[in-house]
Amino acid sequence: MRTAYSVETVRNAERELMARLPEGALMQRAAAGLAAACAQVLGRVAGRVYGGRVVLLVGSGDNGGDALYAGARLARRGAGVTAVPLSPDRVHGAGLAALRRAGGRVAGSDGARELIERADLVVDGIVGIGGKGGLREEAVPLAQAAARSRASVVAVDLPSGVDADTGQVHGAAVRADLTVTFGAHKPGLLIDPAREYAGSVRLVDIGLPLPDEAAELEALQHADVARLLPVPGVESDKYRRGVVGIAAGSARYPGAAVLAVAGALRGGAGAVRYVGPAGDAVIARYPETLVSDRGPGRAGRVQAWVVGPGAGDDAGTVAEVLAAEVPVLIDADGLRLADAAAVRARTAPTLMTPHAGEAAALLGVGREEVEGARLASARELAGRYGATVLLKGSTTVVAGAEGGPVRVNSTGTSWLATAGSGDVLSGLAGSLLAAGLSARDAGSAGAYLHGLAGRFAAQGAPVGAHEVAEAVGRAWRDVRAVERGV
């Protein structure tokens with residue numbers, strides 16, 4: 001499992017470790033890892049380190065010191081390294097001296113843009129993880145020059161101008177091709193919009209003592225999801241495996257019901273009950289579905305419900321499902337129709353799965369506010385409704401009703417932004433709920449499988465939601481292969 005920690009937690013761990021190490025040892029560890037990563041980048045873009053042209057954009061803090069010491073290592077290997085201090089009177093003195101001893105040069109900001117235009121590699125050491133707000137005015141032209149240049153951009157610990165704790169971006173920021181982060185991932189490296197600025201992320205282990213329970217974010221990997229997925233035993237039958245109820249679709253949107261059922265059939269439950277006006281469309285496509293038109297209360301035994309996809313204005317069905325004493329997943333129209341007090345009053349687990357627009361409507365804010373603060377928005381919704389919230393989008397996040405680390409999904413593709421994709425996810429996650437997973441685990445594992453299925457189905461080309469549903473089995477097998485050692 002990949003974990004991310006707050007700036008405060010990382011800073012405390014750094015202080016604890018530095019108290020046990022010789023002075024400067026921790027910075028040298030970070031610089032060594034940064035230099036190794038930069039050398040690999042130079043090997044790709046310039047063919048070798050020797051003769052490669054490197055520009056260091058150096059701020060006043062330890063972040064700038066890391067860049068200077070790494071630059072000194074590259075200079076000793078024959079790279080042409082030039083440092084551009086943004087605050088010359090506050091530059092890291094020992095790092096600057098090390099660079100000069102190694103043959104590196106120092107230039108003023110006046111000629112920096114020309115240097116950047118000719119560079120093979122630009123190292124962003126402007127602002128560290130404690131920075132707030134966008135870049136300072138004097139740094140903006142340098143970030144813009146780096147973005148326009150042919151140089152590869154490597155960020156030190158975090159792209160300057162993004163918020164390490166929240167993933168928010170207020171103003172101009174550096175766009176990196178690679179971010180080399182030290183000791184632990186920071187939330188901003190895993191959450192959009194900041195994640196988009198980070199490029200690829202490489203973690204350098206510098207020995208920080210960071211307990212898992214202090215993590216702000218978790219990103220499940222194949223092995224973690226494999227341990228969560230339900231596998232039937234020799235004595236299993238369809239009822240022991242779980243039955244999921246799907247209350248979805250309408251005369252106007254029968255396809256939503258079909259797609260939700262498609263996801264549910266591939267989600268691990270033993271049977272799927274469908275309730276709603278799209279029964280004929282569902283049974284024509286999936287004859288194994290148990291179809292009823294008598295409403296949720298008389299549909300038969302279920303271990304979890306999915307309600308809302310394509311429901312139109314059927315508030316009565318939503319209310320009936322919310323009154324059930326089993327886990328409930330609320331999506332799409334169900335989010336609009338659900339009574340907030342009824343959701344908060346539920347004793348069984350509730351999983352809400354809004355996209356940014358739906359979350360914005362529930363919070364009473366603009367969509368852009370949710371998209372710019374995905375982590376805070378998911379937590380706010382979870383707190384207001386007493387529910388687990390899966391906020392869909394460029395980075396899907398799952399915030400638990402009980403608090404704790406927020407989970408961020410590491411799979412997916414932009415091709416999943418297609419009509420009906422969310423209906424498939426709802427059915428899939430609802431099926432995992434019925435199979436016995438907690439709301440947090442069902443949402444996390446469902447998003448992971450859904451994202452992986454999207455990759456497999458798309459393979460770089462447009463894809464329909466029904467194709468994503470068909471690829472869930474492949475995603476499931478791919479995840480389980482890790483546990484089996486295949």
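Which residues does UniProt place under the feature "binding site" at N63 and beyond? The record, an unreviewed entry, gives N63, D124 and S160. UniProt positions follow the numbering used here, feature names are shortened, and annotations may be inferred rather than shown by experiment.

The model is predicted: local features need pLDDT of at least 70, side-chain atom pairs count only at pLDDT 80 or more, and totals for chains, interfaces and linings use all residues. Residues are numbered from 1 along each chain as its sequence is written, and side-chain values use heavy atoms, with hydrogens and water left out.

**View 1. The annotated set N63, D124 and S160.** These residues are spread over 98 residues of sequence, yet they cluster in space. Their largest C-alpha distance is 9.9 Å. N63 and S160 are included in the lining of the second largest pocket. (On a 1 Å grid over the protein atoms alone, a pocket is an open set with protein on both sides within 12 Å along at least five of seven lines; a cavity is a set of points where a 1.4 Å probe fits but cannot get out; lining residues have an atom within 4 Å of a point.)

**View 2. N63 in helix α3.** The helix covers residues 62-76. (Helices are DSSP runs of H or I, at least four residues; strands are runs of E, at least two; both are numbered from the N terminus.) N63 is buried, at 7% relative accessible area. (Buried means under 20%, exposed over 50%, partly exposed in between, with a 1.4 Å probe and protein chains only.) Beyond residues up to four places away in sequence, N63 touches D124, G125, I126, V127, G128, V156 and D157. (Contact means heavy atoms within 4.5 Å.)

**View 3. S160 in a loop between two strands.** The loop runs between β6 (152-156) and β7 (178-182). S160 is buried, with a relative accessible area of 1%. Its side chain reaches the backbone nitrogen of V127 at 2.9 Å. Outside four places in sequence, the contacts of S160 are D124, I126, V127, L135, A173 and V174.

**View 4. K392 and its partner D331.** K392 sits in the loop between β16 (388-391) and β17 (397-399). It is buried, at 13% relative accessibility. The side chains of K392 and D331 make a polar contact at 3.1 Å. (A polar contact is a pair of N or O atoms within 3.5 Å; within protein, one must be able to donate a hydrogen and the other to accept it, and residues adjacent in sequence count only if both atoms are side-chain atoms.) Among the other contacts of K392 are T353, H355, R374 and G422.

**View 5. T396 in the loop between β16 and β17.** T396 is buried, with a relative accessible area of 12%. Its side chain reaches the backbone nitrogen of G393 at 3.5 Å. Contacts of T396 include R374, L390, R407, N409 and A447.

**View 6. T289 between α11 and β12.** The loop holding T289 lies between α11 (279-285) and β12 (290-292). T289 is buried, at 4% relative accessible area. A polar atom of its side chain lies 2.9 Å from the backbone oxygen of Y286. T289 also touches residues including V261, L265, Y274 and I283.
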